[in-house]
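Let's take a friendly walk through this structure, one part at a time. Please have the model open beside the text.

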Amino acid sequence: MNTCHIHINGLVQGVGFRPYVYQLASKHGLTGWVSNSNTGVHIECSGSTTQIHAFYDELIQTPPANAIISSHELTVIDTQYFDNFSIQQSNESEKPDLLLTPDIAICDNCHSELLSVTNKRYRYPFTTCLHCGPRYSISHALPYDREHTSMKEYEMCPSCSNEYNDVYDRRHYSQTNSCKDCAVNMHFYTSPTNCLSSDSNEILDFIQQELSRGCILAVKGIGGYLLIADASNEKTIATLRTRKQRPSKPFALLYKNIEQASADVLLTKAEAMALKSKISPIVLCRLKENHSNQVYLKGIAPGLNKIGIMLPYAPLLLLIAEQFNKPLIATSANISGAPIIYKDQDALENLFDIADYVVSYDRDILTPQDDSVVQFTNKGHKIILRRSRGLAPNYFPNPFPTTNTVQLAMGAELKSAFALQDQHKLFISQFLGDQSTLESQQCFKETLQHIIRLLKSTVATILVDAHPTYAISGYGKELAQANQIPIVSIQHHKAHFAAVLAENNLLHTALPILGFIWDGTGFGEDKQIWGGEVFIYDNKAMKRVAHLSYFPQLLGDKMSKEPRIAALSLLKAHPDKMHLIQKYFSKQEWNYYQQLNQQSASLLTSSMGRFIDGIAALLGLQLYNTYEGEAALQLEVLAQSASNKPSEFYPLPLVGEQLDITVFIKGLIADIELGVNSATIAWKVFFSLAHTIGELANHFQIDALAFSGGIFQNALLNDIIIERLSYRKKLYFHQQLSPNDECIGLGQLAYQNMTMLQPSLQNTSINQLSAPPFQSTF
Ligand SMILES: [Zn+2]
Ligand SMILES: [Zn+2]
């Protein structure tokens, strides 16, 4: 007879770990106990050495489905005698050292119970079990126990208590357990002060009836409110667009199941698996030519060849989708630019401007999350476009060495997400939106405070983007001052590069890596706007070795909203071709802009985003962006539609450190003037960029290439790069994170870690580092 203590860390709470241990220990004939603590799961068990090892091996090799074991340790202790095996009360005295369990999409068992007329939970919109339901969104403290969640105030009825205490029940120790007899209450509001019903069956019938009548409903989901409407109703969609002030940004659709979705979109195996996964993200899928659900596509995804679709991940959404039996629009409920609304009071105060009804329930959402968004390229390469519900906030495994101090990286402004390294754990928050609005800033602060409170972290260093006017960097400075801790600012594109290096465990690599960091905007070390950058990572240091040749950044941010102004800037070097775009301006505008363009520019940019915008406008494709990246997306769609895809390119020669865009634009204009089909020109644009990547790799004689920045959300560009280069180069893309600015927080941590690897630089302020000039000819 021996006794052992087993300590298991990782994602081990809220996934049915204790009941699983209980069953396994009983199966192996062990006595003892299991308990949750802030440092993971602890087990003490007595039995023969063979029994204990058989139990331990099985537990580690086949843990519960949703668990992640990050570390495990078995220690032999003094022999103890127990009467049985039991689940003990949680111990919460220590500082948390855990991964945070994300919200888990409804499981197959709960799904079928929900639709089974004879089941106790038939049509109960908040059914959950050990294997599914909200976790992160309802937790206010650790360890994960009912009293630390917004289920605290609900007392289980006798029947639910029986399930909770029955070791062989799927709801044994299920902290979110409830049923119709101990229900989370729903409310159907017709105005901020009028609740028409609080009966869930009646409410579900109302929802069905009002959706059919073409109404727009704001429904409380898992991470916040969603706007739901009939996806086939042209008039409703037009109303939604007007009320939401969202003229053309695509809406995601909710289908009741894969079969229903398959009538409208082509699904690969990987896409279907992603849709049905416990993360249940929005997946961008290719439209079928003859789609059959009568979805009003022109209104849903104007001009695009893919739509974002998802399956119901919460029982309430499943009931709505089953009952309506046609595709529904399901989009985050927010007021343009502001973050998703998740508090009931905010919903009632604000959402009646957009929705006809507000459907709410009493279980509080404690931290907001949008739906995550992912796409797969034609070659099957996965690109995360938004990392939120189901994916955030864990980042595992942590690529950095364990530290004694906590580092907080504030991330970037437009697609914000912060990153926090605490000892050996790494957390990257959900997408927190564009930080230019006060509401977003508030939401960022609340989410940051929420995670810091959950983890009981004491931040020792703050990392911010070097941009002088980012609100989020300003907040970082405030925090640093208030807490009297150091702050380090890091250049945007270097953070991007460091992020993709860290994601591929390359910070320690001995081989040089060429990084292509292409996005819209980042504040450069020469105080210009960077965005079409090429770096070399070698010997644990980064050098900027090439960039798009500078062109004027006209009218500040207005140029990112109006591709026609980017075109004007690109044509500054081609004054005899200005007539090509004159028709896109009024006479008055034209005179003004001509004068402006003749002055010497005070601010220059090497932005790949603006370069592509300008090309989209030159082709007459997109003159204004109504949402970020619209012109680039339309150019991608146009390029994909090309029937002729020649292996021809517009040259982008390297002159000094600048990739000369005037040569590229000259070739492109020649094609326009020759009357080459604009889809072919669009194709040649992306083909040329991939070609340039190959040429630069040859020029610098580097065989490992890494890619980061919003431009690499482009599925076509990724595929051309993979097709042309993967057989002779090693290609590194983002893995768990998006290539867009949501990866900047990780990148800031990675850059800081990188500088720690350089002994000579440890005491140098990162602000003062600048890349030495790199001599080269192309
Ligand atoms: Zn379940
Ligand atoms: Zn109950």
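For a metal site, donors are the N, O and S atoms within 2.8 Å of the metal, with 3.2 Å used for Na, K and Ca. Keep in mind as we go that this is a predicted model.

Now move along the chain to the zinc ion (ligand 2). Its protein donors are the SG atoms of Cys157, Cys160, Cys179 and Cys182, which lie 2.2 to 2.3 Å from the ion. This site is tetrahedral, with angles of 101 to 122° among the four donor atoms, and the donors of ligand 2 follow the spacing C-x2-C-x18-C-x2-C. Cysteine 157 belongs to the loop between H3 and H4, and cysteine 182 to the loop between H4 and strand E6 (186-191), so the pair ties together parts that are 25 residues apart in sequence. Both cysteine 157 and cysteine 182 are buried.

Next, look at a sheet that ends in E5. It is an open sheet of five strands in the order E4-E1-E3-E2-E5, with mixed pairing. Strand E4 (68-77) and E5 are at the edges with a single partner strand each, so one side of each has no neighbour in the sheet. On average, neighbouring strands here are turned by 15° against each other, direction ignored. Within the sheet, strand E1 (residues 2-11) and strand E3 (residues 40-47) run antiparallel and are joined by seven bridges; isoleucine 6 stands opposite isoleucine 43 in E3. Helix H1 (residues 17-27) lies across E1, strand E2 (31-37), E3, E4 and E5, running at about 175° to E5. Helix H2 (residues 49-61) also packs on the sheet, where it touches E1, E3 and E4.

Another open sheet of five strands has the order E20-E19-E18-E21-E22, again with mixed pairing. Its edges are strand E20 (425-428) and strand E22 (487-490); each has a single partner strand, so one side of each is left without a neighbour in the sheet. Strand E21 (residues 459-465) pairs with E22 in the parallel sense over four bridges, and aspartate 465 stands opposite isoleucine 490 in E22. Helix H12 (residues 438-455) packs on this sheet, touching strand E18 (406-409), strand E19 (419-422), E20 and E21.

Finally, turn to the interior. In soluble globular proteins, nonpolar side chains tend to be buried together. Here the largest nonpolar core has 71 residues, and those with the most contacts inside it are Leu514, Phe516, Trp518, Phe611, Phe664 and Ile721. Helix H22 (residues 678-700) gives the most to this core, with 13 residues. Leaving out residues up to four places away in sequence, the residues that isoleucine 721 touches include Ala690, Ile693 and Phe707. A second, separate core has 59 residues, among them Leu30, Val41, Leu448 and Leu455.

Key:
Residues are numbered from 1 along each chain as its sequence is written. Chains are lettered from A and ligands numbered from 1 in the order in which they are written. This is a predicted model: local features need pLDDT of at least 70, side-chain atom pairs count only at pLDDT 80 or more; totals for chains, interfaces and linings use all residues. Side-chain values use heavy atoms; hydrogens and water are left out. Four donors count as tetrahedral if all angles lie between 85 and 135 degrees; four count as square planar and six as octahedral if opposite donors are over 155 degrees apart and all others between 65 and 115; anything else is irregular. Helices (H or I, at least four residues) and strands (E, at least two) are DSSP runs, numbered from the N terminus. Buried means under 20% relative accessible area, exposed over 50%, partly exposed in between (1.4 Å probe, protein chains only). A nonpolar core is a set of buried Ala, Val, Leu, Ile, Met, Phe, Trp, Tyr and Cys residues joined through side-chain atoms within 4.5 Å. Contact means heavy atoms within 4.5 Å. Two strands pair if DSSP finds at least two bridges between them. Axes are lines fitted to C-alpha atoms, for helices over the stretch in contact, and angles run from 0 to 180 degrees between N-to-C directions.
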